[in-house]
There are 2 protein chains.
Amino acid sequence: MSETLVQAAILVIGNEILTGRTKDANLPFLAERLEARGIRLAEARVVRDVEDEIIAALDALRGRYDYVFTSGGIGPTHDDLTAAAVARAFGRKLVRDAEAVRRLTVHYGGEEHLTPPRLKMTDIPEGASLIDNPVSAAPGFRVENVFVLAGVPKILQAMYDQLEPSLLGGAPRDKRTVRTALFESRIAEPLAAIAETYAAVEIGSYPWFRLGQGGVALVLRSADAAALTQATDAVIAMCRAQGDEPVAE
Amino acid sequence: MSETLVQAAILVIGNEILTGRTKDANLPFLAERLEARGIRLAEARVVRDVEDEIIAALDALRGRYDYVFTSGGIGPTHDDLTAAAVARAFGRKLVRDAEAVRRLTVHYGGEEHLTPPRLKMTDIPEGASLIDNPVSAAPGFRVENVFVLAGVPKILQAMYDQLEPSLLGGAPRDKRTVRTALFESRIAEPLAAIAETYAAVEIGSYPWFRLGQGGVALVLRSADAAALTQATDAVIAMCRAQGDEPVAE
């Protein structure tokens, strides 16, 4: 099997996530969408609204993965530091973008409404390309392999819808889930053997407990359809051999 | 104001978070609880079930922060690699823990039920101290400043409840929220001035949009009660000066 492995990382920026005030919804959204596009989300980080922290995380991630998606910190206030951090990380100047100014002029109904805080949202790293914001106009942008998106989920999602066609995906993986009532410890050994046999299949084991009941969801993923089917059949047969009739989906 | 700043990081371990299959609930839980204890959550990372990735993240975080909390990867299956990774990160041997064996023996009703996968959950880094698991017996553990917790939220929460008294907290911060109907761009400049004046107060600005409406929640946090009150009063006065009567809580 020849597979192009495309990997991405997410950098969530914002104190509100780290204090528990806001539950991040952007990681789950991007995780699902990237997976569906054949892009493996390999890592995620959450950092504070501190320019040096944002830069350090960006530098660690952008050299290592094909794509990096940031969320948050591109608004007009003092705690919005992402554009400046990205510019510094890439050694580029932060410059006023004429097209961004035009979009905000239209959105706010005239140039006279472009106060300094609004203009701040039109300052982007030199040479970056804009990502349209259909909700509140202030654009996201892309610099090389880094996509800078808004923190508000509705805006981030609209931005991602637009940029998605530009992403070079790998071979998308199919997924099968096998649910068994067996204990995880009961299936661990034969499951490890199956995982070893089918190296092209990622097999995760996720126990759950509720109201005194429990079970395990076994999740198999692979871009290799034949291997996925064989591994799934092997998992089902293994559960049956242990006396359980699992549910596969 | 003299304040001991205690900082923590969270390391979430598991492919299921990065594919979007599972929405992480441990970061929000720990974020809130740590904040309430006067411990600043400074960073969070999510990594895959890959030993080298876990070790690299652990090494980056444990040297930098007072406490590191990991979630996930301490079960009996092939994708549970956290104990081995922590042992390697600390240069310790992975050893069978007699007390962990005792707890699992009680839980499963006899030594004859301790199959190799179950015994795997009693192998912890040499010298680590156990953290009790009242749900499914297999313990978490602590090595130096790293707390290794289960990924299942109910178990993680029970483990945290026990270890919390052992955490040395800093000065807990109080929080005030001021809600205004003003646009973020309208208040950005005076807000930045207030943030600069009250350096001991962290001020976050969180816009929201819903059904064509919008507003901003201004969140102020500080361990300095007097500064917090003054900054909050300044924010309220600022909103009024702009023609809005904000709601403070």
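1. Ser136(B) sits in the loop between β6 and β7 of chain B; helices (H or I, at least four residues) and strands (E, at least two) are DSSP runs, numbered from the N terminus. Ser136(B) is buried, with a relative accessible area of 14%. Here buried means under 20% relative accessible area, exposed over 50%, and partly exposed in between (1.4 Å probe, protein chains only). Leaving out residues up to four places away in sequence, Ser136(B) touches Phe209(A), His107(B), Tyr108(B) and Ile155(B); contact means heavy atoms within 4.5 Å.

2. On the source: this is a predicted model, in which local features need pLDDT of at least 70 and side-chain atom pairs count only at pLDDT 80 or more, while totals for chains, interfaces and linings use all residues. Residues are numbered from 1 along each chain as its sequence is written, chains are lettered from A and ligands numbered from 1 in the order in which they are written, and side-chain values use heavy atoms, with hydrogens and water left out.

3. Ile155(B), one of the residues that Ser136(B) touches, also belongs to helix α7 (residues 153-163) of chain B. The buried residues of this helix are Ile155(B), Leu156(B), Ala158(B), Met159(B), Tyr160(B) and Leu163(B). What do the buried residues of α7(B) pack against? Within chain B they meet α2 (26-36), β3 (67-71), β6 (129-131), β7 (140-143) and β8 (146-149), and from chain A they meet β10.

4. The largest nonpolar core has 103 residues, of which Leu34(A), Phe69(A), Leu167(A), Leu34(B), Phe69(B) and Leu167(B) touch the most other members. Such a core is a set of buried Ala, Val, Leu, Ile, Met, Phe, Trp, Tyr and Cys residues joined through side-chain atoms within 4.5 Å. In soluble globular proteins, nonpolar side chains tend to be buried together.

5. Chain A has 9 helices and 12 strands. Its C-alpha trace spans about 75 × 45 × 30 Å along the principal axes. Of its 249 residues, 57% count as buried. Among contacts in chain A between residues at least 6 apart in sequence, 70% join residues at least 24 apart.

6. Is Arg45(A) buried or exposed? Arg45(A) is buried, with a relative accessible area of 10%, and lies in strand β2 (residues 39-47) of chain A. Its contacts, not counting residues up to four places away in sequence, are Ile10(A), Leu11(A), Val12(A), Ala57(A), Ala60(A) and Leu61(A), together with Glu43(B), Ala44(B) and Arg45(B) of the other chain.

7. Most residues other than glycine have a negative phi. Glu144(A) has a positive phi of about 50° although it is not a glycine, and Glu144(B) likewise has a positive phi, near 50°. Glu144(A) is in the loop between β7 (140-143) and β8 (146-149) of chain A, and Glu144(B) is in the loop between β7 and β8 of chain B. Glu144(A) is partly exposed, at 48% relative accessible area, and the value for Glu144(B) is also 48%.

8. How many cavities of 30 Å³ or more does a search of the whole structure find? The search finds 2. On a 1 Å grid over the protein atoms alone, a cavity is a set of points where a 1.4 Å probe fits but cannot get out, and lining residues have an atom within 4 Å of a point. Grid points are joined across faces, edges and corners, and a volume is the space filled by probe spheres set on the points.

9. The largest cavity has a volume of about 60 Å³. The elements that give two or more residues to its lining are α1 (15-18) of chain A with β10 (202-210) and β11 (213-222) of chain B. β10(B) gives the most, with 4 residues. The second largest cavity holds about 50 Å³, and β10(A) gives the most to its lining, with 4 residues.

10. The structure holds 0 disulfides over all chains, a disulfide being a pair of cysteine sulfur atoms within 2.5 Å. Cys239(A) is buried, with a relative accessible area of 0%, and Cys239(B) is buried, also at 0%.

Notes
1 Å grid on protein atoms, 1.4 Å probe; cavity = no way out; pocket = protein on both sides within 12 Å on 5 of 7 lines; lining within 4 Å.
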